[in-house]
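Hi everyone, and thanks for coming. I'd like to walk you through a structure that may be new to you, so please have a look at it with me.

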Amino acid sequence: MRADARRNYDRIVEVAREVFREQGYDASLDEVAKRAGVGPGTLYRHFPKRENLLDAIMQSWVDRVTETADKALAYEGPDRDLLLNWFEQYVALISQHKGGPAKLTSAMGDAESPIRTKCQVLADANDRVLDRLRSDGVLREGVEPVQVCRLVGGVATIADNSDLDADAVRPLLEVVVDGLLT
């Protein structure tokens, strides 16, 4: 990539991160281009679909997902607390931007989504936590990691769409945790 094209690419990603944080993932891409100081054609050359731009923004997020799962797995307290803490962190990870929970949760089932690989990192992290509980013998039989991702993502989506705070989300996650553990 030419130096000027790389600068435009980096500037678009930086500005999009700000705009999405302010207005959600459905913010105007024309607004992103305008704030980045580029034309819409430049934006669309780099990012043909909104999801391609989202994928670029999410690169640093992937590292946080892995670190968060590692911290959850290092927890030495009761299994219920481990799972509840993980779910709270999971919700926080996918709720950084308005509209994020629904976009990320739905992308897990879409093989064509440009952000699916990033979502797979989250699903794999969730699987690691569930494997720990499975090996401890406390996870119900038949629990599928992707179903759990969708369930917790659904709770996060409800919170996102109704502006529930973390205190209101925790009881919902407790119900999910109690349903998954023996």
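This is a predicted model: local features need pLDDT of at least 70, side-chain atom pairs count only at pLDDT 80 or more; totals for chains, interfaces and linings use all residues.

Residues are numbered from 1 along each chain as its sequence is written, and side-chain values use heavy atoms, with hydrogens and water left out.

Let's begin with the whole chain. There are 10 helices and zero strands; here helices are DSSP runs of H or I with at least four residues, strands are E runs of at least two, and both are numbered from the N terminus. The C-alpha trace spans about 55 × 35 × 25 Å along its principal axes. Of the 182 residues, 42% count as buried. Buried means under 20% relative accessible area, exposed means over 50%, and partly exposed is in between, using a 1.4 Å probe and protein chains only. Among contacts with a separation of 6 or more, 70% join residues 24 or more positions apart, where a contact means heavy atoms within 4.5 Å.

Now for the inside. Which residues have the most contacts inside the largest nonpolar core? They are Val32, Leu53, Trp61, Leu83, Trp86 and Phe87, in a core of 61 residues. By nonpolar core I mean a set of buried Ala, Val, Leu, Ile, Met, Phe, Trp, Tyr and Cys residues joined through side-chain atoms within 4.5 Å. Helix 6 gives the most to this core, with nine residues. As background, nonpolar side chains in soluble globular proteins tend to be buried together. Take leucine 83 as one example: leaving out residues up to four places away in sequence, leucine 83 touches Val129, Leu130, Leu133, Val177, Leu180 and Leu181.

On to the rings. How many aromatic pairs does a search of the whole structure find? The search finds three. Rings of Phe, Tyr and Trp (its six-membered ring) pair if their centres lie within 6.5 Å; planes under 30 degrees apart are stacked, over 60 edge-to-face, and the rest tilted. One of the pairs joins phenylalanine 20 and tyrosine 25, edge-to-face, at 5.5 Å centre to centre with 70° between the planes. Phenylalanine 20 is buried at 0% relative accessible area, and tyrosine 25 is buried at 7%. Another pair is tryptophan 86 with tyrosine 90: their planes are at 85° and their centres 6.0 Å apart, so this pair is edge-to-face. Both lie in helix 6, four residues apart, about one turn of the helix. Tryptophan 86 is buried at 0%, and tyrosine 90 is buried at 1%.

Tyrosine 90 leads us to another residue. Cysteine 149 sits in helix 9 and, at 0% relative accessibility, counts as buried. Setting aside neighbours within four places in sequence, cysteine 149 is in contact with Tyr90, Thr105, Met108, Ala123 and Asn126. Threonine 157 also lies in helix 9; it counts as buried at 17%.

Please look at helix 1 next, which covers residues 3–23 and holds arginine 17. Is arginine 17 buried or partly exposed? Its relative accessible area is 25%, so arginine 17 is partly exposed. Beyond residues up to four places away in sequence, arginine 17 touches Ala56, Ile57, Ser60 and His97. Glutamate 14, found in helix 1 too, is partly exposed at 40%.

Last stop, the largest pocket, with a volume of about 250 Å³. Of the 15 residues that line it, the closest to its centre are Val91, Ser95, Ala159, Leu164 and Val169. On a 1 Å grid over the protein atoms alone, a pocket is an open set of points where a 1.4 Å probe fits, with protein on both sides within 12 Å along at least five of seven lines; lining residues have an atom within 4 Å of a point. Grid points are joined across faces, edges and corners, and the volume is the space filled by probe spheres set on the points. Helix 6 (79–94), helix 9 (145–162) and helix 10 (166–180) each supply at least two lining residues, and the largest share, four residues, comes from helix 10.
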